Amino acid sequence: MEQAEIQDLIFAYSEKMKGKKKLKEKDIIKKIMADTNEDKAVVKTALREMINVGKLMYSYGGGASSVEIPSEEYLREKGMLK
Amino acid sequence: MALPERQTDIGPPKYDAYLPPVIKENYGKWKYHEVLTPGTMVHVAEGGDKIYTVRAASPRILSTESIREICDLSEKYCDGYLRFTTRNNIEFLVSDKGKIDPLLAELKERKYTVGGIGPRISNVIHTQGWVHCHSACTDASGIVKAMMDELYEYFTTKELPNKVRLAVACCVNMCGAVHCSDIAVVAVHRKAPTIDDANVGKMCEIPTTVGSCPTSAIRPNPKDKTVVINEEKCMYCGNCFTVCPPIDIHRPEDDGVAIVVGGKISSLRTDPKFSKLAIPFLFNEPPRWPKVVDAIKNILETYAKHARKHERVGEWIERIGWESFFKLTGIEFTYQHIDDFTFMRDTLRTSAAFKF
Amino acid sequence: MGKYETPMLDELEKGPWPSFVTELKKATKVSPMADDELGQLEKSFQTKRGYWKHGGIVGVLGYGGGVIGRYSSIPDEFPGVAHFHTVRINQTSGFFYTAEALRMICDIWDKYGSGLTNMHGSTGDLVLLGTTTENLEAIFAEYSSRGWDLGSSGSAMRTPSCCVGMGRCEWACIDTMDFTYHITQHFQDEMHRPAYPYKFKIKTAGCACDCVAAIARADLSIIGTWKDKIRIDQAEVKNYADKGMDIQGEIIDLCPTECMVYDGGEIKINDVECNRCMHCIAKMTKALRPGLDKGATILVGAKAPIVVGSLLSWVLIPFIKMDPPYEEITEKIEAIIEWWDDTAKPRERIGELIEVKGMRPLLEAADIPPVPQQVKEPRKDPFFFWAESDFDK
């Protein structure tokens with residue numbers, strides 16, 4: 001599967017779970033591995049690419065970290081949204 | 001001005017770039033050390049090379065201005081080499097013996113506090129407190145300053161039976177090693193939190209909030225998308241507040257600190273030990289917390305008077321028995337001292353042999 | 001006088017111990033943020049409560065840690081600390097610096113932050129206290145381009161830390177500083193991209209004196225030790241006696257295993273009975289030294305009280321060699337963490353997980369045999385599990 005396709009699935013899953021469950025990186029990787037039969041390393045690389053360019057971001061609350069879709073404020077601050 | 005290009009995943013610089021030449025040459029080849037004064041020691045290498053250490057206290061919170069001053073001193077006396085200890089002391093690493101006295105003289109002139117080596121109090125491990133933490137229910141730096149002003153001589157000159165490690169934690173999260181200190185202060189709450197129901201639904205994960213409670217005092221209220229706290233079960237740890245901000249545990253007029261004693265981390269003579277409860281509660285009395293300072297001084301001086309040479313606070317108490325500790329210190333024994341948390345069965349007495 | 005009146009804090013500038021209030025005031029020359037920090041802190045002293053909100057979501061692009069969001073809950077009153085984030089810089093092994101390096105760190109911090117630091121934070125990082133969200137990328141670019149990376153925070157491998165070790169201590173049985181540098185580099189990805197169930201701390205102490213509190217403060221505690229005999233210099237024993245040391249009372253009688261005798265001339269040690277507690281070595285630094293067959297004991301599980309009580313680390317591997325390139329120890333650490341990472345619930349530390357699952361699954365996962373050194377005593381009640389594999393033996 002193309003990386004872009006995997007990334008679309010990752011994004012769709014993150015969007016679906018938004019406000020329902022704080023997803024850890026591992027939750028996303030497991031889900032997409034199950035849905036696509038892709039290797040862990042492949043899914044992880046696709047996910048990391050998204051984080052590196054601000055499509056997803058690490059979040060933090062109550063002492064624990066998670067992954068979520070960035071807010072507009074975050075993107076503006078990183079100069080990715082004018 | 002354009003920023004330099006960022007690098008990721010490089011880690012810290014390698015330590016050897018910051019070692020004085022005498023340390024580089026004798027790395028791993030140290031033979032012995034001697035404490036020369038409460039604030040100076042010498043380490044001697046197999047081949048006879050020596051490195052002298054001059055230790056001074058820091059308040060842990062340091063301004064860049066003070067760091068620059070420390071840098072200037074290190075350049076003047078130790079070729080720019082220095083380190084910090086795990087207990088937030090500054091150590092000047094002097095290769096030239098002749099520079100020790102001039103360094104000490106300048107430190108004195110600049111009002112640095114030199115000491116902390118050997119059988120005395122070293123610097124105090126402490127947390128951020130009101131200076132910089134959301135869950136603080138006391139100010140750590142404030143208590144440390146008040147207490148060390150009073151115990152100053154036990155850092156700079158006076159000897160104790162052994163080292164005494166002090167610590168202050170501004171809540172039970174304990175970002176410092178309070179749970180294994182000789183004498184430590186930990187801030188505590190005494191009343192169950194209040195819940196802003198409307199915001200719990202918006203800001204918190206209900207299962208996480210329920211799961212955060214060590215005594216299972218929290219249950220969900222799905223109808224109103226919030227949680228309910230059983231006040232009889234709550235031990236006021238505040239972990240629910242950590243995971244769910246609309247649960248407010250802070251009650252300035254009811255919060256304060258507990259004092260715990262007898263912990264250690266080294267294996268010398270006896271195994272590492274947890275600190276145990278000495279005083280369950282004292283009110284916050286900024287800016288100088290006089291009752292807290294008095295209580296610590298009382299415990300310290302009772303230990304100094306009664307312990308044998310080389311006994312740590314916990315070893316002394318175990319030898320004489322806790323019943324004697326409460327008698328000698330005059331500290332009142334209360335219901336709060338009898339454990340009713342997870343390890344209760346390990347702490348109740350199962351022998352008729354004890355002291356009155 | 002500064003921007004605010006601070007009568008209570010001013011009180012803490014009196015007295016001989018170094019004053020943090022003086023440090024806060026010095027920083028006001030660098031940044032007006034420090035003024036508002038002082039003002040807000042004075043208010044905390046007056047009202048006995050803090051005014052900081054829970055950490056928010058801030059960071060540098062691609063990393064999930066190293067910056068801790070901090071916002072005032074009363075920003076209208078103290079606008080200078082509306083944002084007052086913490087930046088963690090990964091400290092050097094053993095906290096060694098040069099004046100040149102520290103000045104560079106100060107110069108950048110004065111440009112972008114409050115001028116306040118912690119030397120150091122509880123986990124070991126060099127902590128920069130107080131900056132705004134828009135400065136974070138610049139701060140990261142400035143430091144990282146000069147060879148200094150961020151430390152860690154959140155559900156990640158936390159910044160490893162160690163005692164001074166072989167740098168300046170004759171008792172160091174392992175090279176704590178080099179190992180800490182190695183393991184920090186090895187776990188860079190796990191440090192900066194929080195993918196673990198919760199935090200994981202590694203601390204390395206050169207001997208059982210444990211100056212870095214590894215046994216109390218690290219999920220994985222590495223403590224240097226030796227297997228052969230304590231080295232004795234009998235001439236120095238005599239020197240201690242000549243200088244008036246009560247060797248019988250201060251050394252022999254305090255030995256927890258009663259493995260030593262002193263005949264008025266020489267010390268003899270029955271090393272088989274010695275538990276390597278370090279008392280005699282620490283008190284007779286010139287006469288006694290650790291043996292030469294050195295390595296480390298690996299322990300797991302320590303943590304502070306939250307959630308169900310504080311823990312000290314438990315012995316997992318009684319003895320392992322710790323020589324570069326550290327292959328065996330690194331593999332063991334990876335196996336231990338993998339088991340925890342695969343098994344733990346969110347926010348569950350490895351010590352808590354072991355309490356739930358028992359020690360056996362971890363021992364099996366990391367291929368560590370059961371040995372008596374792992375327990376104080378065997379279980380007392382006759383309830384125990386059997387696995388199919390036990391019947392094959």
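This briefing describes a predicted model of a complex, chain by chain and contact by contact. The predictor gives the complex an ipTM of 0.96 and a pTM of 0.96. Chain C averages a pLDDT of 96, and 100% of its residues score at least 70.

**Chain B: overall build**

- Chain B has 356 residues, and 53% of them count as buried.
- Its secondary structure comes to 12 helices and 15 strands.
- Along the principal axes, the C-alpha atoms of chain B fill a box of roughly 75 × 70 × 35 Å.
- Among contacts in chain B with a separation of 6 or more, 63% come from residues 24 or more positions apart.
- The chain is divided into domain 1 (22-109), domain 2 (125-190 + 252-347) and domain 3 (194-248).

**Chain B: a helix and a hairpin**

- Helix α10 of chain B covers residues 313-320, and its buried residues are B:V313, B:G314, B:E315, B:W316 and B:I317.
- After α10(B) comes B:G321, which has a positive phi near 95°.
- Strand β11 (residues 218-221) of chain B pairs with strand β12 (residues 226-229) of chain B in the antiparallel sense, over 4 bridges.
- Within this pair, B:I218 has B:I229 in β12(B) as its bridge partner.
- The two strands β11(B) and β12(B) form a hairpin with 4 residues between them. In the turn, B:K225 has a positive phi of about 50°.

**Chain C: domains**

- Chain C is divided into domain 1 (7-145), domain 2 (161-227 + 293-391) and domain 3 (231-289).
- The centres of domain 2 and domain 3 of chain C, taken over C-alpha atoms, are separated by 31 Å.
- Where these two domains touch, 7 residues of domain 2 of chain C are in contact with 6 residues of domain 3 of chain C.
- On that contact, the side belonging to domain 2 of chain C has 5 nonpolar, 1 polar and 1 charged residues.

**Chain C: the five-stranded sheet**

- In chain C, 5 strands form an open sheet with mixed pairing, in the order β6-β7-β8-β13-β14.
- The edges of the sheet are β6 (161-162) and β14 (314-320) of chain C; each has a single partner strand, so one side of each is left without a neighbour in the sheet.
- Helix α6 (residues 176-186) of chain C packs on the sheet and touches β6 and β7 of chain C. The direction of α6 makes about 160° with that of β7(C).
- Strand β7 (residues 202-205) of chain C pairs with strand β8 (residues 220-226) of chain C in the parallel sense over 4 bridges. In this pair C:I202 stands opposite C:L220.
- On another pairing, β8(C) is joined by 7 bridges to strand β13 (residues 294-300) of chain C, and the two run antiparallel. Here C:G224 stands opposite C:A296.

**Chain C: strand β8**

- Of the 7 residues of β8(C), 7 are buried, so the strand is largely enclosed by the rest of the structure.
- In a regular strand the side chains alternate between the two faces of the sheet.
- C:L220, C:I222, C:G224 and C:W226 point one way from β8(C), while C:S221, C:I223 and C:T225 point the other way.

**Contacts between chains**

- Between chains C and B, 102 residues of chain C are in contact with 94 residues of chain B.
- Helix α4 (residues 99-112) of chain C gives the most to chain C's side of this contact, with 8 residues.
- By class, the side of chain C that touches chain B has 50 nonpolar, 31 polar and 21 charged residues.
- Strand pairing also crosses between these chains: strand β5 (residues 81-84) of chain B and strand β3 (residues 96-98) of chain C pair in the antiparallel sense over 3 bridges. B:Y81 stands opposite C:T98 in β3(C).
- The contact between chains C and A takes 17 residues from chain C and 14 residues from chain A.
- The side of chain C that touches chain A divides into 7 nonpolar, 7 polar and 3 charged residues.

How values were computed
Residues are numbered from 1 along each chain as its sequence is written. Chains are lettered from A and ligands numbered from 1 in the order in which they are written. This is a predicted model: local features need pLDDT of at least 70, side-chain atom pairs count only at pLDDT 80 or more; totals for chains, interfaces and linings use all residues. Ala, Val, Leu, Ile, Met, Phe, Trp, Tyr, Cys and Pro count as nonpolar, Asp, Glu, Lys and Arg as charged, and the others, Gly among them, as polar. Two strands pair if DSSP finds at least two bridges between them. A residue is buried if 20 or more other C-beta atoms lie within 10 Å of its own, exposed if 12 or fewer, and partly exposed in between; C-beta atoms are placed from the backbone. pLDDT is the predictor's confidence in each residue, from 0 to 100. Domain bounds come from an automatic or database domain assignment. Axes are lines fitted to C-alpha atoms, for helices over the stretch in contact, and angles run from 0 to 180 degrees between N-to-C directions.
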